[in-house]
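What follows is a walk through the side-chain contacts of a predicted model. Please keep the sequence and the structure open while reading.

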Amino acid sequence: MMRPGLAAAALALALSPVSLSAQEQRVEGDPVIAVETTDTRMNEATAEARATSAKWLAVVENPPVGATNITFKFPLEGYEHIWVLDVARDGDYVTGRLANNPHAEGWSYGDPVRVALSDISDWGYVDAVGKAHGYYTVRVMLDYMSDEQAAEVRRQYGFDD
């Protein structure tokens, strides 16, 4: 169980496996990075993801040729920000299946979810040339990783920064 004031941000949606640092936790779910709920940069990343979600929803509703890994993140059980794949829009909601093995009790990899659009904390997709779009919280999590791991995530996601 997470301490109050911490949110768990799942890292496991890497485009290929990534080695994990000591800062990351592994209980019974996929690896996560614990981030204080007051972390300004993470809260700004979530706000940016929400502010740009219309761009992502356009991709959900009409995926460009070659787009893959259309995904979103939301706070499962209020604290574990977890990725979802097989995304579809359902009015003011999005549906899909958990893309990580959650720590939250009663949930498993692949479980179906229906999430209010207002609860999305991040989104992403990969275009036809392999460049990742969105993934705002992943960019913040780079600072919580070792230099080697962060470089590998940047390479996997096609981040320029």
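Arg-155 has a relative accessible area of 55%, so this residue counts as exposed. Its side chain meets that of Glu-152 in a salt bridge, with 2.5 Å from N to O. Glu-152 has a relative accessible area of 26% and is therefore partly exposed. Because Glu-152 and Arg-155 are three residues apart in helix α4, about one helical turn separates them.

In total, the structure holds four salt bridges. Another of them joins Glu-61 to Arg-89, and here the closest N and O atoms are 2.9 Å apart. This pair links distant parts of the chain, since Glu-61 belongs to helix α2 (residues 53-61) and Arg-89 to strand β5 (residues 80-90), 28 residues apart. Glu-61 has a relative accessibility of 49%, so Glu-61 is classed as partly exposed. Arg-89, with a relative accessible area of 35%, is partly exposed.

At 37% relative accessibility, Asp-90 is partly exposed. Arg-114 has a further contact: this residue lies over the face of Tyr-93, 3.8 Å from the ring centre.

The aromatic residues come next. A pair of aromatic rings is described by how far apart the centres are and by the angle between the planes. The count for this structure is seven aromatic pairs. In one of them, the ring centres of Trp-123 and Tyr-136 are 5.6 Å apart; the planes stand at 75 degrees, so the arrangement is edge-to-face. Trp-123 lies in strand β8 (residues 122-126) and Tyr-136 in helix α3 (residues 136-141), and the pair links these distant parts of the chain across 13 residues. Trp-123 and Tyr-136 are both buried.

Tyr-135 and Tyr-157 make another such pair, with centres 4.9 Å apart and planes at 80 degrees, so their rings too meet edge-to-face. Tyr-135 is in the loop between β9 (132-134) and α3, while Tyr-157 is in helix α4 (residues 147-157), so the pair ties together parts that are 22 residues apart in sequence. Tyr-135 is buried because its relative accessibility is 0%. Tyr-157 has a relative accessible area of 1% and is therefore buried. Together with Trp-83 and Phe-159, Tyr-135 and Tyr-157 form one aromatic cluster. Over the face of Phe-159 lies Arg-139, 3.8 Å from the ring centre.

The last element to look at is helix α1 (residues 40-51). This helix has 12 residues and reaches 16 Å from its first C-alpha to its last, close to the 16 Å expected at 1.5 Å a residue. Which residues of α1 are buried? They are Met-42, Ala-45, Thr-46 and Ala-49. Seen down the axis of α1, the buried residues fall within an arc of 95 degrees, so they line one face of the helix. Covering these buried residues are elements that include β3 (32-36), α2, β8 and α3. The face of α1 turned away from its buried side carries the exposed residues Thr-40, Glu-44 and Ala-51.

Conventions. Residues numbered from 1 in each chain as written. Predicted model: local features only at pLDDT ≥ 70, side-chain atom pairs only at ≥ 80, totals over all residues. Heavy atoms only, no water. Phe/Tyr/Trp six-rings, centres within 6.5 Å; stacked < 30°, edge-to-face > 60°. Helix = DSSP H or I, 4+ residues; strand = E, 2+ residues; numbered from the N terminus. Buried < 20%, exposed > 50% of the residue type's maximum accessible area, 1.4 Å probe, protein only. Lys NZ or Arg CZ within 6 Å of the ring centre and 35° of its normal. Expected span 1.5 Å × (residues − 1). Arc of directions from axis to C-beta. Contact = heavy atoms within 4.5 Å.
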